[in-house]
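Here is a short tour of one protein chain for someone meeting it for the first time. Take a moment to look it over, then read on.

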Amino acid sequence: MILAVLGMHILTWMFFIGLIGSAVVVLISFWEDGKELFGKD
């Protein structure tokens, strides 16, 4: 039972780390697209 609880905590942390990583990738993509759209006149 202790291993199951430990596994759930590890999976929860992995989920949140992945979520933060995905958010960073989305922000970088928006930044690059914004520079491409509004940077060139």
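Is K35 buried, partly exposed or exposed, and what is its relative accessible area? K35 is partly exposed, with a relative accessible area of 46%. In these terms, buried means under 20% relative accessible area, exposed means over 50%, and partly exposed lies in between (1.4 Å probe, protein chains only).

A word on what you are viewing. This is a predicted model, in which local features need pLDDT of at least 70 and side-chain atom pairs count only at pLDDT 80 or more, while totals for chains, interfaces and linings use all residues. Residues are numbered from 1 along each chain as its sequence is written, and side-chain values use heavy atoms, with hydrogens and water left out.

**The overall picture**

The secondary structure of the chain amounts to one helix and zero strands. Helices (H or I, at least four residues) and strands (E, at least two) are DSSP runs, numbered from the N terminus. Helix 1 covers residues 2–39. Along the principal axes, the C-alpha atoms of the chain fill a box of roughly 60 × 5 × 5 Å. Of the 41 residues in the chain, 0% count as buried. The chain has an accessible surface of about 4,100 Å², and 79% of that belongs to carbon and sulfur atoms. Such areas come from the Shrake-Rupley method with a 1.4 Å probe; for residues, only the protein chains shown count as cover.

**A salt bridge along the helix**

Back to K35, whose partner is E32: the two form a salt bridge, with their closest N and O atoms 3.7 Å apart. A salt bridge here is a side-chain nitrogen of Lys or Arg within 4 Å of a carboxyl oxygen of Asp or Glu, and by this rule the count comes to one. K35 and E32 are separated by about one helical turn because they are three residues apart in helix 1. E32 is partly exposed, at 41% relative accessible area.

**Rings and a nonpolar patch**

Rings of Phe, Tyr and Trp (its six-membered ring) pair if their centres lie within 6.5 Å; planes under 30 degrees apart count as stacked, over 60 as edge-to-face and the rest as tilted. This rule gives one aromatic pair. F15 and F16 form that pair, which is edge-to-face, with 5.5 Å centre to centre and 65 degrees between the planes.

L3, L6, I10, L11 and M14 make a nonpolar surface patch of about 550 Å². Patches are made of residues with over 30% relative accessible area and no salt bridge: like charges are joined within 9 Å, nonpolar side chains (Val, Leu, Ile, Met, Phe, Trp, Tyr) within 5 Å.

| Residue | Class | Relative accessible area |
|---|---|---|
| L11 | exposed | 56% |
| W13 | exposed | 61% |
| F15 | exposed | 53% |
| F16 | partly exposed | 42% |
| W31 | exposed | 59% |

**Distances along the chain**

From C-alpha to C-alpha, W13 and W31 are 27 Å apart in space and 18 residues apart in sequence. W31 and H9 are 22 residues apart in sequence, with 33 Å between their C-alpha atoms.
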